[in-house]
Amino acid sequence: MTTTIPPAGADKEPGRAEPGPKPVPDSHGPFGRVVTAPGNAATGASSPWVTWLLFMVPLYIAEFREVPEPDIERLAARAVDLIASHGDDAQYGGHHQRSARTAIAQGLAVLARADGGVTALGIHACVRRHLDCHGDSPAHLTLPTRNDHNA
């Protein structure tokens, strides 16, 4: 018995072209893109804080992906009130530290939906591709190390 191997493409319909490359997706996926951002000491944050934001903001981006816009506006207003009232607790500790930090991460996740995303507190977060994205630079794709705050 002789085995023959059909030529490549023999099983395809004649006259049918191969599909082209898939288009580049417009979004960064369910968690968006959240990376460390270059900045000066005045706008940066401590390494543990940046690391926490790099973890939490993508989770909130994913959580808010299917939330209707009116609910996002209510959530953003609630976060603004909490940050305005207890922002010092987020930085220095206090009774409302956990809720204030959570509100900051939620606020950054909401702001990541804006055109161009948001850059604050040592991170850049966005949900769609845009020009001059900090996440396109290979230098900003690494997590801060434990000793970054000692430099």
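The side chain of His-124 reaches the side chain of Thr-119 in a polar contact of 2.8 Å. This structure is a predicted model. His-124 has another such partner: its side chain is joined to that of His-130 by a polar contact of 3.2 Å. The table sets out both contacts.

| Side-chain pair | Polar contact |
|---|---|
| His-124 and Thr-119 | 2.8 Å |
| His-124 and His-130 | 3.2 Å |

Where does His-124 sit? It lies in strand β3, which covers residues 123-126. Is His-124 buried or exposed? Its relative accessibility is 1%, so it counts as buried. The cut-off for buried is under 20%.

Strand β3 also meets helix α3. The buried residues of α3 pack against β3, and against α1 (47-64), α2 (69-92) and β2 (118-120). Which residues of α3 are buried? They are Ala-100, Ala-103, Ile-104, Ala-105, Gln-106, Gly-107, Leu-108, Ala-109 and Val-110.

Phe-31, Phe-55 and Leu-59 make a nonpolar patch of about 300 Å². Phe-31 belongs to the segment before β1 (33-36). Its relative accessibility is 43%, so Phe-31 counts as partly exposed. That class lies between the buried cut-off, under 20%, and the exposed one, over 50%.

Notes
Residues are numbered from 1 along each chain as its sequence is written. This is a predicted model: local features need pLDDT of at least 70, side-chain atom pairs count only at pLDDT 80 or more; totals for chains, interfaces and linings use all residues. Side-chain values use heavy atoms; hydrogens and water are left out. Helices (H or I, at least four residues) and strands (E, at least two) are DSSP runs, numbered from the N terminus. Buried means under 20% relative accessible area, exposed over 50%, partly exposed in between (1.4 Å probe, protein chains only). A polar contact is a pair of N or O atoms within 3.5 Å; within protein, one must be able to donate a hydrogen and the other to accept it, and residues adjacent in sequence count only if both atoms are side-chain atoms. Contact means heavy atoms within 4.5 Å. Patches are made of residues with over 30% relative accessible area and no salt bridge: like charges are joined within 9 Å, nonpolar side chains (Val, Leu, Ile, Met, Phe, Trp, Tyr) within 5 Å. Accessible areas come from the Shrake-Rupley method with a 1.4 Å probe; for residues, only the protein chains shown count as cover. A salt bridge is a side-chain nitrogen of Lys or Arg within 4 Å of a carboxyl oxygen of Asp or Glu.
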